[in-house]
Amino acid sequence: MIANSLKPDSPLQIAVIGAGMAGLSCATHLQQHGMLVTVFEKSRGVAGRMSTRRVDDWQCDHGAQYFTANDPAFRVALAQWQQAGVAQLWSPRLQVIGDRVNNPASRPDPSVERFVGVPRMTAPARLMAESLQVETQCTVRALQQDASGWQLQSEEHGWHTQRFDVVLLAVPAPQALPLVRPHVPDLAELAESATMQASWALMLQYAAPLSLPFDAAFVNQGPLRWIARDNSKPGRGSQETWLLHASAEWSQTHLEQDAESVAKELLAAFAELGAPAPQTWLAHRWRYANTGPAMQQACAWSTEHALGLCGDWLHGGKVEGAWLSGRKLAGKVMQAYAPID
Ligand SMILES: Cc1cc2nc3c(=O)[nH]c(=O)nc-3n(C[C@H](O)[C@H](O)[C@H](O)COP(=O)(O)OP(=O)(O)OC[C@H]3O[C@@H](n4cnc5c(N)ncnc54)[C@H](O)[C@@H]3O)c2cc1C
């Protein structure tokens with residue numbers, strides 16, 4: 001197939017599908033190296049699973065809860081976000097609740113630094129998107145490639161007239177699969193081999209602060225896996241807001257259950273820990289929350305087809321993995337099109 005429809009000296013035109021952390025990291029890196037990048041995102045806003053629900057006078061992070069930063073390059077990006085005021089260290093009173101509580105290995109590691117977006121989880125992604133061309137509300141449904149490059153079809157606009165030299169998919173594996181399958185069987189096989197786990201999230205708003213002895217807890221019993229007082233994160237308002245995440249197993253079993261009965265069961269589990277009934281609740285079903293187990297191959301790239309994949313699912317899961325995966329895919333593209341002296 002056609003690997004490069006480039007004219008000499010013309011910058012590479014690249015389409016990145018997905019404006020989560022992986023897509024934004026990939027696009028940023030490519031743009032910084034002189035490539036013309038357009039990011040296509042199906043939602044109204046950027047950030048993907050680093051998301052926050054805003055309701056009247058309260059808000060709650062209902063996807064990623066915090067992120068760690070171990071890789072030196074990611075720590076540089078984090079330092080820039082901290083300097084720009086869009087990320088901060090979060091030091092909650094953290095507990096482990098449940099069966100494994102007496103097992104020292106399951107206690108929170110005090111050396112782990114946990115960071116959050118400020119004033120909400122979406123903030124770092126929004127900052128990154130400011131420097132990029134991002135087309136939101138654009139759900140890519142199909143791709144086709146001919147001698148003049150790649151063309152995209154979106155649900156909202158049909159076939160786009162613009163041609164791209166390279167297409168990079170920064171979406172969860174099940175969403176990448178129908179886009180790559182007609183073009184690159186190897187990449188389709190890879191996406192098909194990834195298993196994504198579901199997660200139910202319940203956001204709770206209270207009129208007054210709860211007197212629980214923790215701000216966040218890993219839960220090893222019943223339907224819950226994670227609890228957090230959202231307003232204990234830096235930069236949030238004073239509105240008392242909590243987030244409950246159900247475990248992957250429970251979420252999978254109750255995936256098609258209605259929000260009302262899911263909320264009832266999760267609230268009952270929270271009540272057992274001493275929490276009263278909330279003033280308001282909102283439920284969100286994540287069909288694709290985490291990859292289990294996440295792969296470790298960083299990204300996937302076909303020079304022959306000028307098509308690549310990145311995302312947390314290829315790089316150990318989590319926010320840091322997503323950022324690194326995007327950056328590594330950008331590196332592959334630059335390597336593939338590096339001028340030959
Ligand atoms: C409930 C939950 C809890 C989590 N907790 C943590 C945590 O505490 N710490 C942590 O580090 N990580 C956590 N994660 C994981 C973390 O959110 C992800 O690892 C990371 O955000 C993934 O980034 P990504 O760019 O790979 O994918 P995504 O964030 O999913 O971005 C993909 C983007 O592509 C868009 N898209 C999809 N299909 C199309 C299409 N056809 N056309 C256009 N756009 C499309 C989506 O709308 C989305 O914006 C959690 C995730 C969930 C859901």
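In what order do the strands of the open sheet of three strands run, and with which pairing? The order is β9-β10-β11, and the pairing is antiparallel. Strands β9 (140-146) and β11 (158-159) stand at the edges with a single partner strand each, so one side of each has no neighbour in the sheet. Here strands are DSSP runs of E with at least two residues, helices are runs of H or I with at least four residues, and both are numbered from the N terminus. Two strands count as paired if DSSP finds at least two bridges between them.

A word on the model before going on. This is a predicted model, where local features need pLDDT of at least 70 and side-chain atom pairs count only at pLDDT 80 or more, while totals for chains, interfaces and linings use all residues. Residues are numbered from 1 along each chain as its sequence is written, and side-chain values use heavy atoms, with hydrogens and water left out.

**Strand pairs**

| Strand pair | Bridges | Example partners |
|---|---|---|
| β10 (149-154) and β11 | two | Gln153 and Trp159 |
| β13 (196-206) and β17 (280-291) | nine | Ala201 and His284 |
| β13 and β16 | six | Gln205 and Thr241 |

In general, strands of a sheet pair through backbone hydrogen bonds, either parallel or antiparallel. Strand β13 is mostly covered, with 10 of its 11 residues buried; buried means under 20% relative accessible area, exposed means over 50%, and partly exposed lies in between (1.4 Å probe, protein chains only).

Setting aside neighbours within four places in sequence, Thr241 is in contact (heavy atoms within 4.5 Å) with Trp58, Gln59, Cys60, Leu204, Ala228, Arg229, Asp230 and Asn231.

**Helix α2**

Now to a helix. Helix α2 covers residues 72-84, 13 residues in all, and reaches 19 Å from its first C-alpha to its last, close to the 18 Å expected. That expected span is 1.5 Å times one less than the number of residues.

Which residues of α2 are buried? They are Phe74, Ala77, Leu78 and Trp81. These residues cover an arc of only 100 degrees around the axis, which puts them on the same side of α2; the arc is taken from the directions from the helix axis to the C-beta atoms. On the face turned away from the buried side, α2 carries the exposed residues Pro72 and Gln83.

At the N-terminal end, Asp71 caps α2, with a side-chain oxygen 2.8 Å from the backbone nitrogen of Ala73. Just after the helix, Gly85 takes a positive phi of about 80 degrees.

**Cysteines**

How many disulfides are there? The count comes to zero, where a disulfide is a pair of cysteine sulfur atoms within 2.5 Å. The sulfur of Cys138 is 17 Å from the closest cysteine sulfur, in Cys310, too far for a bond. Cys310 is in no disulfide either, and the nearest cysteine sulfur to it, that of Cys26, is 4.7 Å away. Cys138 is buried at a relative accessible area of 3%, and Cys310 is buried at 1% relative accessibility.

Methods: A polar contact is a pair of N or O atoms within 3.5 Å; within protein, one must be able to donate a hydrogen and the other to accept it, and residues adjacent in sequence count only if both atoms are side-chain atoms.
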